[in-house]
Amino acid sequence: MAPPSSAAAQPPGASVPRATTTSPPPDLPHRPVTAHPPVAPDLPAAGGCLSPGSPGPPPAARVRRRSPMAARPVRLALCLAPLLFAGGWALANRPVAYEGVVRLAAADPWWLLAGAAVTCLTWVAAACCRQGALPDRLPPGLLLASQFAAGAANHALPGGLGAHAVTLRFLRTRGVPLPRATASIGLYSLARCVARTLVLLLFLACTPARQRLGDLLPDGRVVPAAVVAGGVLAVTGLAVTAVRPLRRPVTRIVGGALADARLVHGRPCRVLALWGGAVAMPLLQAGVLVCVGASLGLGLPWHHVVLAHLAAGTAVGAVPSPGGLAVDAALVWTLVAFGGSPALATATVIGYRLLTDWLPLLPGALVLSALVRAEVL
């Protein structure tokens, strides 16, 4: 018997649709299904546009990757920027630089060698202070190398921002979270400021030369400057307290920084490294100035030179100037006020800057480039 046809149910004259039969697909080998990321549409070249029927760019241009060779000129320029800045300053101040070099050529080499040795100790003190400001343990060798490289980067940006940027990058590559790394830099800066002020007050209490520092202060301007500084701090605190978009992130950052500070001060080794390094750094820097002054025959007692260095650094240390040029000008002025001749005071400051900044500049730039290539920074 024939199977019933669907044409019988259709009215006369209606077209009979063809019966579609689906045959099972042939047996194919099983392949795992993998999820592919969405492919971005082909973009036109710079300055062109794609019409609906235009073909995309060739495959060679479509899969273009950034070569590491393209970043080398930028890294080299960043590493050589401090050296070019120092060379430009020397060309702009040729008479002063020439006089300082001539006097340094006749200086006692043993005192200069002692000043170079004390300069090397400043990087050790900075590395100790950096480690003390962070609960996480850092590799000592790489930390010391990063501080040596930070000295070269510090000449490109004012206010110590270059050293902080290098240190922040180093901490991030070591796996330190960004809030903790930022809090450690803030604690490091605060400890250095507090330690320097305490050492200055100690020298002011023990040295009779503090009377000469009073003559350096301009008459009638100390109180207005203090009032202006207090007003700026009060306005900043009021803005942070009253404005909610500012209060929330500032409160979160300050809370995390205080928690890390309590954690650091709960470990005696971290406390010793933090505050010991913070106290040693200004004393070692002043020791370099003492050695250079002794090599040139400056004729000032060592405690007067240390007090001059501390006073000049504290007074204008917050002025954002690359390479510490504002501190150098104040240092020459302070040494002259203590009884040194202007020529010898200028030569002493130039020799101090030569040992602490200019001579380590090129090696520091090379170390910075090597750390960047090794992906330590």
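Is arginine 353 buried or exposed? In this predicted model, arginine 353 has a relative accessibility of 10% and therefore counts as buried, the cut-off being under 20%. Arginine 353 forms a salt bridge with aspartate 357, and the closest N and O atoms are 2.3 Å apart. Both residues belong to helix H14 (residues 342-358). They are 4 residues apart, about one turn of the helix. An α-helix has 3.6 residues a turn, so residues three or four places apart point the same way. Aspartate 357 also counts as buried, at 15% relative accessibility.

The count of salt bridges comes to 3. Arginine 180 takes part in a salt bridge with aspartate 136, with 3.3 Å between the closest N and O atoms. This pair links distant parts of the chain, 44 residues apart. Arginine 180 sits in helix H7, while aspartate 136 lies in the loop between helix H4 (109-132) and H5. Arginine 180 is partly exposed at 25% relative accessibility. Aspartate 136 is partly exposed too, with a relative accessible area of 27%.

A salt bridge also joins the side chains of arginine 180 and aspartate 260 (3.5 Å, N to O). Aspartate 260 is in helix H10 (residues 244-265) and arginine 180 in helix H7, so this pair ties together parts 80 residues apart in sequence. Aspartate 260 is buried, with a relative accessible area of 13%.

Helix H5 (residues 140-153) has 14 residues. At 1.5 Å a residue, it should span 20 Å. Its end C-alpha atoms are 20 Å apart, which agrees. The buried residues of H5 include Leu143, Gln147, Phe148 and Ala149. Serine 146 is in this helix as well. Its relative accessible area is 0%, so serine 146 is buried. Beyond its neighbours within four places in sequence, serine 146 is in contact with Val166, Phe170 and Leu371. Serine 146 and glycine 364 are 218 residues apart in sequence, yet 9.1 Å apart in space, C-alpha to C-alpha.

Glutamine 285 belongs to helix H11 (residues 268-296). With a relative accessible area of 18%, glutamine 285 is buried. Residues up to four places away in sequence aside, glutamine 285 touches Thr122, Arg192, Arg196, His309 and Tyr352.

The surface carries a nonpolar patch of about 360 Å². Leu190, Val194, Leu198 and Leu201 make this patch. Leucine 201 is found in helix H7 (residues 178-206). Leucine 201 counts as partly exposed, at 49% relative accessibility.

Definitions and conventions
Residues are numbered from 1 along each chain as its sequence is written. This is a predicted model: local features need pLDDT of at least 70, side-chain atom pairs count only at pLDDT 80 or more; totals for chains, interfaces and linings use all residues. Side-chain values use heavy atoms; hydrogens and water are left out. Helices (H or I, at least four residues) and strands (E, at least two) are DSSP runs, numbered from the N terminus. Buried means under 20% relative accessible area, exposed over 50%, partly exposed in between (1.4 Å probe, protein chains only). Contact means heavy atoms within 4.5 Å. The expected span of a helix is 1.5 Å times one less than its number of residues. Patches are made of residues with over 30% relative accessible area and no salt bridge: like charges are joined within 9 Å, nonpolar side chains (Val, Leu, Ile, Met, Phe, Trp, Tyr) within 5 Å. Accessible areas come from the Shrake-Rupley method with a 1.4 Å probe; for residues, only the protein chains shown count as cover. A salt bridge is a side-chain nitrogen of Lys or Arg within 4 Å of a carboxyl oxygen of Asp or Glu.
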